[in-house]
Amino acid sequence: MEQVARDTGIRYIDVYGFTSRMIAKKEKPITSDGFHLTQDGRRMVASYLARELSDGETKVDDNAPGFARLRELVSRKAYEVAMAYKPANGIHYYGLRAREFEYEAEIPHHLKLANQLDEAIWKQAQDLSQALPMPTLTTSVAVAPDKKPRKGLGEIKTTEEDLEDFTVADGYQVNAFASSEDFPDLINPLQIHTDAKGRMWVCCFASYPVPVPGELSDDKILIFEDTDGDGTADKQTIFADGLKLPDGFVFYKDGIVVSVARKLLWLRDTNGDDVADMTVELLRGADDTDTHHGGYLSRTPQGDIILTEALFHRGQFETMHGPVRTKNVAILHFDPRNHSLSIERQTAHPNPWKISWNEWGESIQMFGGGQITDCDYYNIATPVGSSSPADFGMPFRDDKGCTIEFVSSDHFPEEWRGGVVTGHLLGKNTVLYTPLELRDGVMTKAATSLPLLTSRNKVFRPVDLEFGLDGALYVSDFYYPIIGHAQHSIRDKNRDYSNGRIWRVTRKGADLSTPPQISGASIETLLDLLSDQHVNVRELARYELEKKPDDQVLAATQARLPKAKDNSILAIELLWLLERIDLESGADLFRQLATSTDVSLRRVAAKSLRAYHTLLGDEAKTIAQDLAATGDTRTTMNVVSSASYLQKADSWWADFVQSIESKSGSPLANMQSLASNYDAPAISPEFPLLKVSPDCQLTGWHTTRNPDGGSLWIKSAQPQTAILGYRNNPYMCIDVNGIPLSRFTGSIHSKDGQLTISLEQGINHIRYFVPAKNKRSETIDLYLASLIGDAVDGITYAKDEAEHLAWRDSWNERYATVTDSRIYIKAVPSQMAFNVKTFTVQPGKEYQFVFDNPDHMLHNIVITQPGQGELVGDLADTMAAQPDGMAKHFIPDHEAVLFSTEQIPHAGKVEKTFTTPTKPGRYPYICTFPGHWRLMRGEMIVEAAK
């Protein structure tokens, strides 16, 4: 890069070298995790850039008033540019929901402000000794047409009038805990959480749906406290302000992790004054195109932070462990300890919102359309971009909403425990209680829902629910006259920017819960609280333990393990705690739960199998088989869930999942079917072509025996990149030149797609098919376009059927996986996979073996003796530390290696003679570049002699 800059006369600044030198000095940490800069790190880099952008020698005083103003100006300009080209909630300006009058009034104004700020930046840069005044930035707001709301209009009223509009279930009552009448900062409250002191934290969304151009959003995190115990807040603290569209938060150590414009920020309170004084960025890359489509954060019992991506979202996360991409709905787990990010599950249900956990670590989730999912049923690992079908099953469904909460409060009836309360904000304006039961292993609605709190005023929008430490149910009321995004302009006159409510529902005549002392409690006391019947108490105890030194918590936990034999709740809490801080110390406890006579404990162990399988090795496989054979469907489903995450690295788990007996059409069978897709291709990067020439339409298909599939052979005059797209068919599956590129995602919402493909010089094969179990495709609507949407240069189509079939025969002779004399295997670009998972050969037969590598990483192929793939892979990994490992192409000198090729670079190809074994069987093949074999693997099947 430096050489290119020098050759072209472009200024080059080596930021990497500078930061490396700063890290080597070890004077102060400049990153929080080796990846994200700290506040000190950002200041150092800013000073370095300022110095290098002058003459490289001049000392820049980063304490000068003008320097601070310069940073402020640059930051604000960056904000305006971002809001012009990728605005938060930009769905209002771009795409299907765009309104031209909104775009024209607001987007160009952001660019106008950016130019104005640019001028101020250059003026300030000339003299840093004094701060120049900030320029006056004007606003520009789209003027919405005057039309009646489609879904009813709520009316802003006084709190007393709101109370009169409520209908409350018999035996219950409601009061206003906090209102914007008394606390003007309480505007459009979203997610709420009770803290260890019993206070209510509230995330406010005042800048919804899009900040006004020319103004910075000032969304807040508020803390409300009832100091006199009368059920009404009388104290407010602003924990954080100046936030931009915060759509959820969770507690973490000395502060909170909050999703701000879909970035995860750790807002820390380092001096304990209840005001955030330090910001640490943890993660960025979540899609903020449409903030209606997913929100809220939650945490697993083991401490992971859960965030969601939604329909039409394309997450592009860069982490210290590598990139993570998402397409459409994805539930992601982020470990705040090591900053790893993984996709937990993907669903066809759009718009994922709140997740709630019961005492057994089972979770349930509300989706914006009113869908409610039993997460344990949906927890199946699938390739990125695929998802569980829309008809997978739900405990129940009601009107649109975004919140759900398990009932565990002892203030509410005992028979309510295990049921859920849900908030519905469109159609119905109500809070419901719904009892649940297990049916065929899945949570199911057990009886008619009870309307607990309903308002006849459409302004009541119950967006979140939380049981406080006093046992009462708190309701976050967005309190908004209109709702929805497609229906209303962002500047609709009926939008409200000044109101919000928090309601409190209690049971008449029932004692409130006595809040335990959690904040500041000792480790021993907190371990005691892990057995509390109130799930929220246990969760807050976990958060307090998180603040303690790990070694002290571990010692106390190990001392407490003998008591776990007589206390089921304590046993699972200690298991989760040890999964977080010291997995090895929890191995015996895991074995105890896995062999327990208590079915609830076995279910927990079945889910924890994912955490312990590496530690236990083959013992984990035995435990999995034993758990699956206990006869409890829920346990077996949890085993299938765990195994689905392990099968890509070890095919034994894939075979095990499919070997479990199940009834056709049952939830267990559905999980097995979804798990079988584990080796389908993940999504490839999509090219955003907005217009495609009609000349790009593909025709002339040779239809196969499958009435919903076909092949097209075309010629390309040269190697080139093109865009292969499909329209109006969510079931489309596509292969190009024998490489699987796209598979039906499970989401009927993804009807269109664009794939970046590499065409080879000569004949190329494009194949499509629709899975037989899905609806037949009425039309074949595929197109092949250049990178700018025009017809691709140098493409020739067969003049008739005879030529088309001749091209087919020629391509098959050259590229088919197995012919009478040749085996042809490819690496799949950017997917760490071979193009086929299995191929079948004759015994004792000589073949010409061809391995082709179009990927940009080194790969080889090694065939091993039956059952020896993992052994050879492990041996190859150890060669990474050997000086001659690369020279040996990471091929172990071991009798288990049957055939091998050297490591092949990008665009390389190797041909070798190979005689297949005479003994029939399944022979694993892997790539032995260290680490690759866990994903790049398959099996050669040697048939019995005929």
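How many salt bridges does the count come to? In this predicted model, the count comes to 52 salt bridges. The setting of these pairs is described below, followed by individual cases.

The protein contains 19 helices and 47 strands. Its radius of gyration is 30 Å, close to the 30 Å given by the globule rule for 946 residues, so the protein is as compact as a globular protein of that length. The C-alpha trace spans about 85 × 75 × 60 Å along the principal axes. Of the 946 residues, 56% are buried. Among contacts with a separation of 6 or more, 66% are between residues 24 or more positions apart. The protein exposes about 40000 Å², and carbon and sulfur atoms supply 50% of that area.

Charged side chains comprise 99 positive and 128 negative groups. The centres of the two sets lie 3 Å apart.

One of the salt bridges joins the side chains of D118 and K77, with an N to O distance of 2.9 Å. This pair links distant parts of the chain, as D118 belongs to helix α5 (residues 100-125) and K77 to helix α4 (residues 65-85), 41 residues apart. Both partners fall in the range between the 20% and 50% limits: D118 is partly exposed at 25% relative accessibility, and K77 is partly exposed at 26%.

A salt bridge between loops is formed by K428 and D398, again with N to O at 2.9 Å. K428 is located in the loop between β22 (420-424) and β23 (430-434), whereas D398 is located in the loop between β20 (396-397) and β21 (403-406); the two are 30 residues apart. The relative accessible area of K428 is 36%, which makes this residue partly exposed. D398, at 16% relative accessibility, counts as buried because the limit for burial is under 20%.

In a further case, E573 and R542 form a salt bridge in which the closest N and O atoms are 2.9 Å apart.

How values were computed: Residues numbered from 1 in each chain as written. Predicted model: local features only at pLDDT ≥ 70, side-chain atom pairs only at ≥ 80, totals over all residues. Heavy atoms only, no water. Helix = DSSP H or I, 4+ residues; strand = E, 2+ residues; numbered from the N terminus. Rg over C-alpha atoms; globule rule 2.2 N^0.38 Å. Buried < 20%, exposed > 50% of the residue type's maximum accessible area, 1.4 Å probe, protein only. Contact = heavy atoms within 4.5 Å. Areas by Shrake-Rupley, 256 points an atom, 1.4 Å probe, with all protein chains shown as cover. Lys, Arg positive; Asp, Glu negative; His and termini not counted. Charge placed at Lys NZ, Arg CZ, Asp CG, Glu CD. Salt bridge = Lys/Arg side-chain N within 4 Å of Asp/Glu carboxyl O.
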